[in-house]
Amino acid sequence: MEKFSPDKKCKVMTRDEVRAFDAWAINTLGIPGVVLMENAGRSCAELVADKLKDAAEPEVCIFCGTGNNGGDGYVITRHLINRGVKVTVVVCGDLGKIRGDAKINLDILEQMGQSIELLSPAESDIPGKVEHFNAGSNIIVDGIFGTGLKGQLRDEYNRLIESINACNKPVLAVDIPSGLDCDSGEPLGAVIRAKWTVTFVAVKKGFLSKKAAQYTGEIFVASIGIAAR
């Protein structure tokens, strides 16, 4: 994992280039998507664990969406549990929408006995629920939306993101801060204000905009097991 610096030459990808790279790794090289997810999540967990090394009783709260970004969150959870970290997992949305590789990793957590909290973004007391879930946490992990997010966020997701930001705790964003456009670096409504962003394969094009820096915090580029050519 390498720390990104604006004065350092690096690989930069757009949303479509990231999708094409993943498709190439899966369909041409034959690397199962669940393996790519495992590598991505493990990298994030390693950084979280490093940031928690001085905590006597480390706790993490992970907010997961229903897509692959949430799937990365489930992998992070498993690796942190293995390190003795207490983790609260919050699924933000309908469990029934979780499919594929993300569902595999969610099922593993449940088989391990990890409890899963549910949070509907349409609930009235989002701020109260968010505060309750991460009351004891040292770090929050944002695994709600990934690089595929397009268009303006709905009001309920704006409230969710604003509620997480209002907790005033350090946040690690998985691949991209939720609410940020991958290509332009423009806010799509409320945006997670991360202290660290662990992004995969390459720096995302939108991160190079001046506006994005206030949301990404420090950027680390992690491998998913295969490097971009």
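Predicted model: local features only at pLDDT ≥ 70, side-chain atom pairs only at ≥ 80, totals over all residues.
- Setting aside neighbours within four places in sequence, Thr-216 is in contact with Pro-177, Leu-180, Ala-194, Lys-195, Trp-196, Thr-197 and Phe-207.
- Ala-202 sits in the loop between β8 and β9, the latter being residues 203-204.
- With a relative accessible area of 1%, Ala-202 is buried, because the cut-off for that label is under 20%.
- Again leaving out neighbours within four places in sequence, the contacts of Ala-202 are Lys-11, Val-12, Met-13 and Val-221.
- For a sense of distance, Ala-202 and Ile-116 are separated by 86 residues in sequence and by 31 Å in space, C-alpha to C-alpha.

- Strand β3 (residues 59-64) pairs with strand β6 (residues 139-143) in the parallel sense, over 5 bridges.
- Within that pairing, Val-60 has Ile-139 of β6 as its bridge partner, while Cys-64 stands opposite Gly-143 in β6.
- β3 is also joined to β4 by 6 bridges, and these two strands run parallel.
- β3 is mostly covered, with 5 of its 6 residues buried.

**Helix α3 against the strands**

- Together, β3, α3 and β4 make a β-α-β unit that is right-handed.

**Salt bridges**

- Glu-218 and Lys-3 form a salt bridge in which the closest N and O atoms are 2.6 Å apart.
- That pair links distant parts of the chain, with Glu-218 in strand β10 (residues 218-222) and Lys-3 in strand β1, 215 residues apart.
- Glu-218 is partly exposed at a relative accessible area of 32%, and Lys-3 is partly exposed at 44%.
- Arg-78 forms a salt bridge with Glu-38, where the closest N and O atoms are 2.7 Å apart.
- Here too the link is between distant parts of the chain: Arg-78 belongs to helix α3 and Glu-38 to helix α2 (residues 33-51), 40 residues apart.
- Arg-78 and Glu-38 are both buried.
- Lys-211 and Glu-186 meet through their side chains in a salt bridge of 3.1 Å, N to O.
- Lys-211 is in the loop between β9 and α7 and Glu-186 is in the loop between β7 and β8, so this pair ties together parts that are 25 residues apart in sequence.
- Lys-211 is partly exposed, with a relative accessible area of 36%, and Glu-186 is partly exposed, with 35%.
- Arg-15, Asp-181 and Asp-183 are linked in a network of salt bridges.

**Aromatic pairs**

- Phe-21 and Trp-24 form a tilted pair, with 5.6 Å from centre to centre and 45° between the planes.
- Both of these residues lie in helix α1 (residues 15-28), where Phe-21 and Trp-24 are 3 residues apart, about one turn of the helix.
- Phe-21 and Trp-24 are both buried.
- The ring centres of Phe-145 and Tyr-157 are 5.1 Å apart and the ring planes stand at 65°, so this pair is edge-to-face.
- Phe-145 lies in the loop between β6 and α6 (155-165) and Tyr-157 in helix α6, so the pair ties together parts that are 12 residues apart in sequence.
- Phe-145 is buried, as is Tyr-157.

Definitions and conventions
Residues numbered from 1 in each chain as written. Heavy atoms only, no water. Pairing = 2+ DSSP bridges. Helix = DSSP H or I, 4+ residues; strand = E, 2+ residues; numbered from the N terminus. Buried < 20%, exposed > 50% of the residue type's maximum accessible area, 1.4 Å probe, protein only. Contact = heavy atoms within 4.5 Å. Salt bridge = Lys/Arg side-chain N within 4 Å of Asp/Glu carboxyl O. Right-handed = clockwise from strand over helix to strand, strands pointing away. Phe/Tyr/Trp six-rings, centres within 6.5 Å; stacked < 30°, edge-to-face > 60°.
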